[in-house]
Amino acid sequence: MGDPRLPDLTGRTVLVTGASGGVGGGICRQFARAGAAVVAHYHRGADRARALVDTITDAGGRACALPADLTVEQDCNRLVQEADDWADGRLHALVNNAGVQPVTPLADLTAADWRGMHEATTTSAFHCTQAAARVMRQGGSGSITHIASIEGSQPAPGHAHYSAAKAALIMFARSAALEYGAHGIRVNSVSPGLIDRPGLAGDWPDGVRRWTAAAPLRRLGRPEDVGDACVFLASDAAAWITGTNLVVDGGVSAHPTW
């Protein structure tokens, strides 16, 4: 699984939530390529998570898949403890990637829609961060990364609840960095732009065309692009980086809007 472009994370273990999705899978693969052991969390995507683990282990890496409902605090605590036990008490990194992305006009949003978004995205990250920090404090160091979005600062129509949740993740990372830094735990966020997936160009051709035209690098992102950013933030190369938001969007945020 080695990739000479990546920092060496041999001997370290990462827990990635929402690993059965496209971005989560890309994050897991890049950590494995950097030499880390990977705990791939899933909720409903058991088959995809296990296939991901098989891909990593067949290539010589070390990985396991663990289930949890991250809207339940006890499940978050159990997941982190099981990941730490699997790592023999050496859980070094957590990537809070789990979340949802429905499109609903603001006028049609219900209170249940709003609560569901924040439970799945921000509250799950809150519980997992607390649980991971408890075990990382024992080792005197650790890295926690939240997967936010450029929509945390630049909203899109139909995404009022999504944009608000991602903005909350960015500020939560800064707040956690402030309080956990004394314990050697760094907390950051990564804000991706539009990430490609199978069928996206067919499902949303106009959006893909507009994005590609607006992005200075002239392409969509790949799940591995997000993974590269997470690997960097978990590595010793980022030892003095905490409380920051790393934008991974091909430069589209630099495009003028007037």
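Salt bridges are the subject of this tour: a search of the whole structure, which is a predicted model, finds 10 of them.

Begin by selecting Asp236 and Arg12, whose side chains meet in a salt bridge with an N to O distance of 2.9 Å. Asp236 belongs to the loop between α8 (223–234) and β7 (245–248), while Arg12 sits in the segment before β1 (13–16), so this pair ties together parts that are 224 residues apart in sequence. With a surface displayed, compare the two partners: Asp236 is exposed, at a relative accessible area of 56%, whereas Arg12 is partly exposed, at 23% relative accessibility.

Next, select helix α3 (residues 73–86), where Arg78 and Asp75 are both found. They are 3 residues apart, about one turn of the helix, and their side chains form a salt bridge at 3.5 Å, N to O. Arg78 has a relative accessible area of 28% and is partly exposed.

Move on to Asp203 and Arg197. The side chains of these two residues also meet in a salt bridge, with 3.1 Å from N to O. Here Asp203 is exposed, with a relative accessible area of 54%; Arg197 is partly exposed, with a value of 43%.

Finally, select Asp3, Arg5 and Asp228 together. Which kind of interaction links Asp3, Arg5 and Asp228 in a network? The three residues are joined by salt bridges.

Notes. Residues numbered from 1 in each chain as written. Predicted model: local features only at pLDDT ≥ 70, side-chain atom pairs only at ≥ 80, totals over all residues. Heavy atoms only, no water. Salt bridge = Lys/Arg side-chain N within 4 Å of Asp/Glu carboxyl O. Helix = DSSP H or I, 4+ residues; strand = E, 2+ residues; numbered from the N terminus. Buried < 20%, exposed > 50% of the residue type's maximum accessible area, 1.4 Å probe, protein only.
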